[in-house]
Amino acid sequence: MFGKRAALEPTAKPPHPGAPADVARLSPKVEGAASRQPPKVDGVASAAPAGLQPSAKTPVFVPDSRSEDYYQVKTTIFSALIDSIDLAQLAQLDPDSAREEIRDIVNEIISIKAVVMSIAEQEHLLQDICNDVLGYGPLEPLLARDDIADIMVNGAGRVFIEVGGKVQLTSIRFRDNAQLMNICQRIVSQVGRRVDESSPICDARLLDGSRVNVIAPPLSLDGPTLTIRKFKKDKLKMDDLVRFGSINEAGAKLLAIIGRARCNVLISGGTGSGKTTLLNTMTAFIDAEERIITCEDAAELQLQQPHVVRLETRPPNLEGQGQITMRDLVRNCLRMRPERIIVGEVRGPEAFDLLQAMNTGHDGSMGTLHANSPREAMNRLESMITMGGFQLPTRTIREMIVGSIDVIVQAERLRDGTRRITNITEVVGTEGDVVITQDLLTYEMSGEDDSGRIKGRHIGTGIVRPTFWERARYFGLDRDLADALDKLQV
Ligand SMILES: Nc1ncnc2c1ncn2[C@@H]1O[C@H](COP(=O)(O)OP(=O)(O)O)[C@@H](O)[C@H]1O
Ligand SMILES: [Mg+2]
């Protein structure tokens, strides 16, 4: 049934370049393999000039050679291919052999139908068709790129990507919504789930760890909508954050001390502001001897320590059963003799359990939370606890927050697409019903340069004795702390 075999082409990936990372006194005890390449920051795109004129919101169009004609030829050849092979049988083959089979048949179809194509076009077409049949179709070239943070598919005709903090429209298209739906189906079936009209919402994960959300019609009105948060194999390190200006050197040192001295930390920020990345970066300063338990909705963290237990929540199955929530995990964690508990994202009643854990000897625990300021982060914690059905007076909840959280780190994605740490804030105590906080570091914006990049600097607030001073001293880090705070003032 299948055609003859042609010579195989090697598909070796280029080796990953890497250079040893700087190792300072406070650098991670357990070092990662290699430092990562800086992500390509989109140099061309720039925000509209400052001022109050309406910003030009037309998305940047990424040029691509694929024309309307190309799609037509592809559809013709694709239909002929489907007619001549058994896709189910093809799926049984290993990817290389399957590719070869497709190559042979497509070549044959091209010559029978007398399609005029250059060798390069033919190669391109073949690649495209193989991606459709064997992989994630038009998404493949995007998935292969490491500089993309998010892929957003709004129906077959519109695919956006986020590169360097900027959202761009691409020229990638799906044949139609049915093809897109097929690919969504293929993705979610890998985690044993199904997406269709009767269950139109689904979370899944790609084999490389990327997080996927699908929402299909009738809920999404213009075709299946697919959102992919790409998994970055080489997570950013504190050095990278300094290099990108997300934090300055002294601020990075302060974060390192906070991580090492077992402060309880909450990382707050909007979607895509870099919370998880920052959490991952901060875990690098945890001592290699500590037993760490991580709880996540989809495992994203990459801890380098030897003694780590990774837990993941589970959505209910098709019958609506078997769900394991974040709260279940955090509570179970407490029976696992953790030294630190790391919660990927605190969204609900698990907030209560995390605070309790922080309060009862699991100091150095960390988590992220969705909020736009440290103050809002605390309000969110409070409302998560209230909404979780805990009948506690406001005052008690606030005291609990103050007793548990030492530091809130605020991450933000600025309007020029850059990600910055905008506050390192201490939770100091309560005065009456009010929680008192103090900033140790803030980010001061001073304007924009010609290309629309925001100018600003990280600066200390003059605090010389943070409340975790004694804690830092206990870990022999008081001098470093004084030094870092000192440097933040200049
Ligand atoms: N400081 C930073 N500088 C540049 N890119 C960053 C930075 N922090 C995070 N990113 C990138 O931004 C994307 C979203 O980051 P992530 O940490 O997952 O955000 P969040 O958890 O807040 O939704 C990722 O692709 C990540 O690599
Ligand atoms: Mg996250």
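Visitor: How many bridges join E1 to E6, and in which sense do the strands run?

Guide: This is a predicted model, in which local features need pLDDT of at least 70 and side-chain atom pairs count only at pLDDT 80 or more, while totals for chains, interfaces and linings use all residues. Residues are numbered from 1 along each chain as its sequence is written, and chains are lettered from A and ligands numbered from 1 in the order in which they are written. Strands (E, at least two residues) and helices (H or I, at least four) are DSSP runs numbered from the N terminus, and two strands pair if DSSP finds at least two bridges between them. E1 and E6 run antiparallel, and the number of bridges joining them is five.

Visitor: Which residue of E6 is the bridge partner of isoleucine 215?

Guide: E5 and E6 also pair in the antiparallel sense, over five bridges. Asparagine 154 has threonine 225 in E6 as its bridge partner, and for isoleucine 215 the partner in E6 is threonine 225.

Visitor: Which strands stand at the edges of the sheet?

Guide: Six strands form an open sheet with antiparallel pairing, in the order E3-E2-E1-E6-E5-E4. Each edge strand has a single partner strand, so one side of it is left without a neighbour in the sheet; these strands are E3 (166-169) and E4.

Visitor: Within what arc do the buried residues of H6 fall?

Guide: A residue is buried if 20 or more other C-beta atoms, placed from the backbone, lie within 10 Å of its own, exposed if 12 or fewer do, and partly exposed in between. In H6, Leu180, Met181, Ile183, Cys184, Ile187 and Val188 are buried. Seen down the axis of H6, with the arc taken from the directions from the helix axis to the C-beta atoms, these residues line one face of the helix because they fall within an arc of 160°.

Visitor: Against which strands do the buried residues of H6 pack?

Guide: Contact here requires that the C-beta atoms of two residues, placed from the backbone, lie within 7 Å. One of the strands in question, E6, is largely enclosed by the rest of the structure, because four of its five residues are buried. The buried residues of H6 pack against E1 (148-154), E4 (201-205), E5 (211-215) and E6 (225-229).
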